[in-house]
Every structure is written in structure tokens, then in C-alpha cells.
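Subject: Structure handover and findings

Hello,

Please find the structure below. My notes on it follow.

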Amino acid sequence: MASLQRKGLQARILSSEEEEKLKRDQALVSDFKQQKLEKEAQKNWDLFYKRNSTNFFKDRHWTSREFKELRSCREQSPLYNTERCMVFQCDLTKDDLLEHVPAESVDVVMLIFVLSAVHPDKMHLVLENVRKVLKPGKYVLFRDYGLYDHAMLRFKPGSKLGENFYVRQDGTRSYFFTDEFLAQLFMDTGYEEVVNEYVFREMVNKKEGLCVPRIFLQSKFRKPSKNPAPVILSPSHKS
């Protein structure tokens, strides 16, 4: 299985067959079931992690390649150090991070395949929560599912919860981001956009004659500095 990758600022263009499929699949899951999925979200993800704890998650070596902010972390702390690291579980939509992390003490926050599991109406709560512990001038590093990713196109009728929002058979949910939606979400919560682009990966199996298009959104947003650089005006003099 070979992998080809490129980046771009435009979303993937669908084939006519793919466009037709998405047009047909417009029926939404009932409000009753959607409320049930929201109520049972934590339970469904707990079951997911229990089933996939050893055969799903792999070491993400690409993170330090794609995000230079993480390279010093890998070099300085190759092993888990209990004096410098603390593990805790929380619901970022309702549990206050300040109960575990001092205010404005964090240099880098990674939201890697995190926000897509949150209901779109609650995503801003995650960003507000993270913003409280992030140092001014420091970054949120983001990577998640992009619009028209292969996983989005594979959903069967009856899986759609809303625009670009779907439920899997196990009850876990996934949102597929556009760059415009993500940028607006972060900026409305007080961040500055630094990088926001699509990552296109083609998983090619020549033996089987398969080409699987994976689309991700990879971005970097900054919490504004408390003391922004001064703006210097230099008016020209006319005699």
C-alpha cells in the first residue's frame, strides 16, 4: 500500500457519481435519536476505545514532521516523566481545564482528531476551554477529517445528523470540516489564523487496483499576544 500526499487551499472536487450520492442522502436522523446519541456520546466512545485499544491507534510520527512546535518536545522529553506530565480525563465541552492546568501555562495544544467527535453546537466550548490554559502568543495545532474524505462518502443512508455531520454504526459521530467553517469557529473564539489548509492523501493498492482518497484539514491557530507589536506610521512629507 503506497501513500501519496499533497496540500492545497481548495476542497476536493467530487465526481458526478459522488455528487449524486450526497444529493440522495439528505434524510436526517430523527431528533429523538440525535438526542439519545448526544446523551450517550461518552459511553459510545468508551466502548470504541475498549474495542480498539491495541489495534487501531498507531504512533503518529508525522506530527513532529508537520508541526515544528512539537520537535523540541520529542527531543527534550523522550520518556514519560511524572514530574513534568500529568494524565487526566475530562469532557472539554463542560469540565473546566483550570481544575487541572494553571491558567495561561501551556505552550502547545494538540487537537488531533478530537473536534470532529464533538457536536458542532459545542465545538466553541472546547476552544474557549483550551484558550484559558494557553499562553498568549502560543498555538493550537489541529488536524481532523476534511470535507469529502473517503470516510464521509462511505456513510450509508440514514447516517446523516446534519450538514457534514454523521453517525457510525457504533454510535460514535464524526464531523467533516471545511477550511471556512474551521477558521470562523476559531476566530469567533478569539484566535488568530496562522495556517489552514487541506491535506490530500491517496492510499494506492496497485495489486487490488484501489485508490482511496483521504482528505484532512491541517491548521495552526494562535492565541493573540497581550502586547501586540506596535504599528509604526511613517507619513511622507510633501513640500
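**Strand pairing around β3**

Ile 112 stands opposite Arg 143 in β3. Before going on: this is a predicted model, in which local features need pLDDT of at least 70, side-chain atom pairs count only at pLDDT 80 or more, and totals for chains, interfaces and linings use all residues. Residues are numbered from 1 along each chain as its sequence is written, and side-chain values use heavy atoms, with hydrogens and water left out.

Strands β2 (residues 106–112) and β3 (residues 134–145) run parallel and are joined by 6 bridges. Two strands pair if DSSP finds at least two bridges between them. The elements themselves are DSSP runs numbered from the N terminus: helices are H or I with at least four residues, strands are E with at least two. Val 106 has Leu 134 as its bridge partner in β3. Together with helix α6 (residues 123–133), β2 and β3 make a right-handed β-α-β unit. Right-handed here means that, with the strands pointing away from the viewer, the path from the first strand over the helix to the second runs clockwise.

β3 also pairs with β8, through 7 bridges, and these two strands run antiparallel. One of the pairs is Phe 142 with Ser 219 in β8.

Arg 143 is found in strand β3. Is Arg 143 buried or exposed? Arg 143 counts as buried because its relative accessibility is 3%; buried means under 20% relative accessible area, exposed over 50%, and partly exposed in between, with a 1.4 Å probe and protein chains only. The side chain of Arg 143 is joined to that of Gln 218 by a polar contact of 2.6 Å. A polar contact is a pair of N or O atoms within 3.5 Å; within protein, one must be able to donate a hydrogen and the other to accept it, and residues adjacent in sequence count only if both atoms are side-chain atoms.

**Second largest pocket and Arg 12**

The second largest pocket has a volume of about 170 Å³. Of the 13 residues that line this pocket, the closest to its centre are Arg 6, Arg 12, Phe 200, Glu 202 and Ile 215. On a 1 Å grid over the protein atoms alone, a pocket is an open set of points where a 1.4 Å probe fits, with protein on both sides within 12 Å along at least five of seven lines; lining residues have an atom within 4 Å of a point. Grid points are joined across faces, edges and corners, and the volume is the space filled by probe spheres set on the points.

At least two lining residues come from each of β1 (2–8), β7 (192–205) and β8 (210–222). By type, the lining has 6 nonpolar, 2 polar and 5 charged residues. Ala, Val, Leu, Ile, Met, Phe, Trp, Tyr, Cys and Pro count as nonpolar, Asp, Glu, Lys and Arg as charged, and the others, Gly among them, as polar.

Arg 12 lies in the loop between β1 and α1 (16–24). Its relative accessibility is 17%, so Arg 12 counts as buried. The side chain of Arg 12 makes a polar contact of 2.7 Å with the side chain of Glu 18, and a polar atom of the Arg 12 side chain lies 3.2 Å from the backbone oxygen of Tyr 148.

**Loop residues with positive phi**

Tyr 148 is in the loop between β3 and α7 (150–153). Phi of Tyr 148 is near 70°, a positive value in a residue other than glycine. Tyr 148 is partly exposed, at 22% relative accessibility.

Glu 104, in the loop between α5 (71–76) and β2, has a positive phi of about 50° and is not a glycine either. Its relative accessible area of 30% makes Glu 104 partly exposed.

**Pairs separated in sequence**

- Pro 157, in the loop between α7 and β4 (160–162), is exposed at 66% relative accessible area. Pro 157 and Asp 25 are 132 residues apart in sequence, with 5.4 Å between their C-alpha atoms.
- Thr 63, in helix α4 (residues 62–66), is buried at 10% relative accessibility. From Thr 63 to Met 110 the separation is 47 residues in sequence and 9.7 Å in space, C-alpha to C-alpha.
- Thr 178, in the loop between β6 (173–175) and α8 (179–188), is buried at 13% relative accessible area. Thr 178 and Glu 197 are 19 residues apart along the chain, and their C-alpha atoms are separated by 9.3 Å.

Regards
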